[in-house]
Amino acid sequence: MAAPGENLRINADRLWESLMEMAKIGPGVAGGNNRQTLTDEDGEGRRLFQSWCETAGLEMGVDEMGTMFARREGTDPDALPVYVGSHLDTQPTGGKYDGVLGVLGGLEMIRTLNDLGIKTKHPIVVTNWTNEEGTRFAPAMLASGVFAGEHALDWAYAREDAKGKTFGEELERIGWKGEEKVGARKMHAFFELHIEQGPILEAEGKDIGVVTHGQGLWWLQVTLTGKDSHTGSTPMPMRKNAGLGMARITELVHEIAMSHQPAAVGAIGHCDVYPNSRNVIPGKVVFTIDFRSPDQETLDAMKARLEAEAPKIAEELGLGIEIEPVGHFDPVTFDEGCVTAVREAAERLGYSHRDIVSGAGHDACWVNRVAPTAMVMCPCVDGLSHNEAEEISKEWAAAGADVLFHAVVETAEIVE
């Protein structure tokens, strides 16, 4: 298939203006965004995206999970579409670019094709996946997980937020429950543009990350049970301190991850301490361990060592322990052909680039199970994401969208 000419580039100013316009919906308290999934703000953001798609001549489809599919026709009615996109929902204290760049970068690609009168053999579909963040309704990447057959639709509908509202009810309430069966669509390929959410590209002065793999993860919820007692009057040898147990297991988690460098990470990110009083020794602690690696053997080895050694720590301190897996997905190897299309696009356009492993989960990780998939990453300042201070430059956004544009259009095949 013919490669697009290197002069084929998106309109950087228009892309940036679109990002800033979307950021006005669901503003955060510190310059970012709070547009959590299935809130009124999410509904408003969807309507704005829909209006832009209609103006660009795209046909909108919506599935039963509320995922939006905006289609530009190809010249071959039998050719499978090339899909592109990400998500518009944010964290409660999210930034203006996480996910949004991938959706609006896809839209900008369509606008540029329209401007230039370029046709492709394969249709191109710009996608907004529902509930990628998972912050309101766990787990993350929920709609793409249903699409890929990882989750059942009814199970997804039954997910509850902190106020007891279900995903299904809220999807209907905001008016974005479609009739299209989830997963019915067949894809020629899928590409996702995203900010790195890490510091590597900026630190190395690279314009583009060519994502070759996605890290797998294990989330292990640990419950330590000791005995609540007075901090002032309980002798040290007689304590059953669940907090101390968590501290020692925290050290163990760090040691396990460090022993598998450079292709592993691990930390405890969430904990609940009971009774959480200044003068009471914790009698119970519940916390979640997050292990990640792009290598399946490493990932499973970290989990196995934790499950073998954490109970010994608990026993030494006189604590009860339960370890429950509460989240998992296998490492992802993205499609070689799609990855090559991204890498060659960066080279053709003259952007510096490096291969990179995605440290976070993305919709592309689930879609990769059902279609050839790859990701493009651009830098973000200090690697900061899931934070209102998240920042990128217009030039970084344009470079990422240019590479996405070339990879997608080459895959969709320009019609001369």
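**Exercise 1. Work out the strand order of the open four-stranded sheet, and say which strands stand at its edges.**

Step 1: the order is E10-E12-E8-E13, with antiparallel pairing (strands are DSSP runs of E, at least two residues, numbered from the N terminus; two strands pair if DSSP finds at least two bridges between them).

Step 2: E10 (265–274) and E13 (320–329) each have a single partner strand, so one side of each lacks a neighbour in the sheet. From one strand to the next, the twist averages 15° (axes are lines fitted to C-alpha atoms, for helices over the stretch in contact; angles run from 0 to 180 degrees between N-to-C directions).

Step 3: zoom in on E8 (residues 216–225), which pairs with E13 over nine bridges, antiparallel. Thr 225 sits opposite Gly 320 of E13.

A word on the source: this is a predicted model, where local features need pLDDT of at least 70, side-chain atom pairs count only at pLDDT 80 or more, and totals for chains, interfaces and linings use all residues. Residues are numbered from 1 along each chain as its sequence is written, and side-chain values use heavy atoms, leaving out hydrogens and water.

**Exercise 2. Describe the interface of domain 1 and domain 2.**

Step 1: the bounds are 12–214 + 331–412 for domain 1 and 216–329 for domain 2, from an automatic or database domain assignment.

Step 2: about 640 Å² is buried between them, 70% of it from carbon and sulfur atoms (accessible area, 1.4 Å probe, lost on putting the two parts together, summed over both). Pro 331, Gly 359 and Trp 366 supply 55% of domain 1's share.

Step 3: nine residues of domain 1 contact eight of domain 2 (heavy atoms within 4.5 Å).
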